[in-house]
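Subject: Structure handover

Hello,

Here is the structure you asked about. My notes follow below it.

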Amino acid sequence: MDRTYQDTFERKEMKYLLSDDQYKALLEGLLPVARVDDYGLTHIYNVYFDTPDFSLIRTCLGKPLYREKLRLRTYGIPEEDSPSFIEIKKKYRGIVYKRRIKAPYEQARSYLEMGTELSDHSQIRHEIDYFKEIHRGLVPAMAIAYDRIAMQGILNPSLRLTFDTNLRYSRTELDLREGNHGKTLLDPGQVLLEIKISGAMDRSLSSLLDRYQIYPAAYSKYGESYRQSTGEQEVRHGFHLPETAEGLAYA
């Protein structure tokens, strides 16, 4: 899939778990506010990198003010030369920062797993090198896939809404060329909504959420995959901050 390549993002991200009825009603209500983007339904595949003891995601689940992740993403099941994105995702005080570089899938995978060279020598590449250096021993830890419909604001193009379904995870199928036939994350009929915006939420969108009783949820795809795969319900190290609006959509 040929996609416009944006390498940096800085925005607020809010997450909501919808029932099927809420999803259908919200889609109709959004028509004056947003439109489905040109890609329509996309199939997103990720593999998250972590230490063997999952220290990165365990830290994130403790909800510190600063948290970070590293992942490899493709759109559709890749072949060796398919485009892929190596992404660092950081969150600080409710703002999400994402920085990424593009590379053929097998080259990106080899760079992340075996330290082979990439032709990209950008500043973002150096940041990824530094991430790998300070978090030594990173390995493929969790593959997560889902189907996504994305919408973009009509009057406010910086507004982006994504609706994710068929979320599934695997700790064994970690080469994205295998696809993902793992365990499901959401209950039947549930949809994960993410609202991504660079400024304040438009009043018309806020009114729609209120009308359909859609409220923010603390949800992390990787975090929930880790919880389900280990049966761990609480983080037993670090400290917990009081839950606030800015901390709900943890990365």
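**A surface patch and its loop**

Leu65 is partly exposed, with a relative accessible area of 35%; buried here means under 20% relative accessible area, exposed over 50%, and partly exposed in between (1.4 Å probe, protein chains only). Leu65 sits in the loop between helix H2 (55-61) and strand S3 (66-75), where helices (H or I, at least four residues) and strands (E, at least two) are DSSP runs, numbered from the N terminus. Together with Tyr66 and Tyr92, Leu65 makes a nonpolar patch on the surface, with about 270 Å² of accessible area. Patches are made of residues with over 30% relative accessible area and no salt bridge; like charges are joined within 9 Å, and nonpolar side chains (Val, Leu, Ile, Met, Phe, Trp, Tyr) within 5 Å. Accessible areas come from the Shrake-Rupley method with a 1.4 Å probe, and for residues only the protein chains shown count as cover.

Before you read further: this is a predicted model, in which local features need pLDDT of at least 70 and side-chain atom pairs count only at pLDDT 80 or more, while totals for chains, interfaces and linings use all residues. Residues are numbered from 1 along each chain as its sequence is written, and side-chain values use heavy atoms, with hydrogens and water left out.

The loop between H2 and S3 also holds Lys63. Lys63 is not a glycine, yet its phi is positive, about 60°.

S3 and S4 run antiparallel and are joined by 8 bridges; two strands count as paired if DSSP finds at least two bridges between them. Arg67 stands opposite Lys91 of S4. S4 also pairs with S5, again in the antiparallel sense, over 10 bridges. There, Glu87 has Arg100 in S5 as its bridge partner. S4 is mostly covered, with 7 of its 10 residues buried.

The hairpin of S4 and S5 has 2 residues between the strands, and Arg93 takes a positive phi near 50° in it. Arg93 is partly exposed, with a relative accessible area of 47%.

**Salt bridges**

How many salt bridges does the structure hold? The count is 20, taking a salt bridge as a side-chain nitrogen of Lys or Arg within 4 Å of a carboxyl oxygen of Asp or Glu.

One of them joins the side chains of Glu13 and Lys89, at 3.3 Å from N to O. Glu13 lies in strand S1 (residues 8-18) and Lys89 in strand S4 (residues 83-92), so this pair ties together parts that are 76 residues apart in sequence. Glu13 counts as buried at 6% relative accessibility, and Lys89 counts as buried at 9%.

Another salt bridge is formed by Glu194 and Lys221, whose closest N and O atoms are 2.5 Å apart.

Salt bridges that share partners join Glu106, Arg109, Glu113, Asp175 and Arg177 into one network. Within that group, Arg109 bridges to Glu113, with the closest N and O atoms 3.3 Å apart. Arg109 and Glu113 both lie in helix H3 (residues 105-114), 4 residues apart, about one turn of the helix. Glu113 counts as partly exposed, at 34% relative accessibility.

The buried residues of H3 are Tyr105, Ala108, Arg109, Ser110, Tyr111 and Leu112. Their cover includes strand S2 (34-50), S3, S4, S5 and helix H4 (123-134), where contact means heavy atoms within 4.5 Å. After H3 comes Gly115, with a positive phi near 75°.

Arg125 is placed in H4. Arg125 is buried, with a relative accessible area of 4%. Leaving out residues up to four places away in sequence, Arg125 touches Ile101, Tyr111, Glu117, Leu118 and Asp120.

H6 is mostly covered, with 7 of its 10 residues buried. Those buried residues are Lys221, Tyr222, Gly223, Glu224, Ser225, Tyr226 and Arg227. They pack against S2, H2, S3, strand S6 (139-153), strand S7 (160-170) and S9. H6 is followed by Gly231, whose phi is positive, near 75°.

Regards
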